[in-house]
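The tour goes from one selection to the next.

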Amino acid sequence: MIKNQKLNIQNWNNIPWSQVINKVQDLQNKIVKASLNNNMRLVYKLQNQLVSSLEGRALAIRRIITNSGAKTPGIDNILWNTPGTKFKAIAELGSITKNPNKYISSPLRRIMITKSNSTELRPLGIPTMIDRALQALYHLAVDPVVETRSDLFSFGFRKHRSQHDAIAYIRSLLNKKHSAEFILNADIAKCFDKISHDYLMKATPICHKHVLKQWLKSGYIYENKLYKTEEGTPQGGIISPLLCNVALNGLEGAIRKIISPTKKLLGVIPKVNIIRYADDIIVTGASKEILILVQNLIEEFLFFF
């Protein structure tokens, strides 16, 4: 039996999910408010409350057992496929969040998958179920902060935004008589693989930095051999898309510091708009020269991580 102030849960099947979701959303709303007030001390306190809560732990487990990778185990070959194993995992998560500085992440199980529309292979890192659930749990606590700091026209891996929203916005920019006539299509090569761990440790608004470090440094096993991870965040981890946004947020502001949407540059109104979906970037511009300048600014921004 698991108890807290309001819930008295005896098994997985009697969890009152509406009550669980309301409690988590209430804490998330408080985190957003504290973040907007730049009160990071309160942010971290509320994050700690969320990851320690019964509701947060239960919701994190429900997320990973209902997604597409639920039947794919990590290196320990453990799956949570019965009500009993799911229920037991709530307490297991609680023992970690009670002493987060003692947490040790397991290495990832690496598999190679084919890229869409290509014969090229890309690596996918599969965490164990418990590591996956822990990432989902901290995601609940960190995402509200990252959302308050996100670039205005960033569409990837954000609530209530999608690829379709990004496409619709691009179309609205280009379907007018006086729209920009040039487009820069930028794809950051191996973005997930190359992000600096030092940068993520400094920039990620997470209450328990040790936990983040464990994920980043967990290493991976491929063909029965253990490899260290000195940079990057693995594709396949629930927290990785969020960390990608942590790294790339601020790109719009960095460009706007140099290029104003209303002041002439190189003899023209630049008509620069920056649209980002994860590590894919579209930039509109009034001339090829303007977009070459934007490309240089993007490269300068990326240099710092």
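Buried means under 20% relative accessible area, exposed over 50%, and partly exposed in between, with a 1.4 Å probe and protein chains only. This is a predicted model, in which local features need pLDDT of at least 70 and side-chain atom pairs count only at pLDDT 80 or more, while totals for chains, interfaces and linings use all residues. Residues are numbered from 1 along each chain as its sequence is written, and side-chain values use heavy atoms, with hydrogens and water left out.

Select aspartate 198. Aspartate 198 is exposed, because its relative accessible area is 57%. This residue lies in helix α8 (residues 197–203); helices (H or I, at least four residues) and strands (E, at least two) are DSSP runs, numbered from the N terminus.

Next, select tryptophan 215. Not counting residues up to four places away in sequence, tryptophan 215 touches Tyr103, Ser105, Asp131, Leu134, Gln135, Tyr138, Ile206 and Ile239 (contact means heavy atoms within 4.5 Å).

Then turn to the cores. A nonpolar core is a set of buried Ala, Val, Leu, Ile, Met, Phe, Trp, Tyr and Cys residues joined through side-chain atoms within 4.5 Å. The largest has 76 residues, and those touching the most other members include Trp215 and Leu134. Helix α5 (residues 129–148) gives the largest share of this core, 12 residues. Apart from it lies another core of seven residues, including Tyr169 and Ile275.

Last, select strands β3 (residues 108–114) and β4 (residues 121–126), which pair in the antiparallel sense over six bridges (pairing requires at least two bridges found by DSSP). Isoleucine 113 stands opposite arginine 122 in β4.
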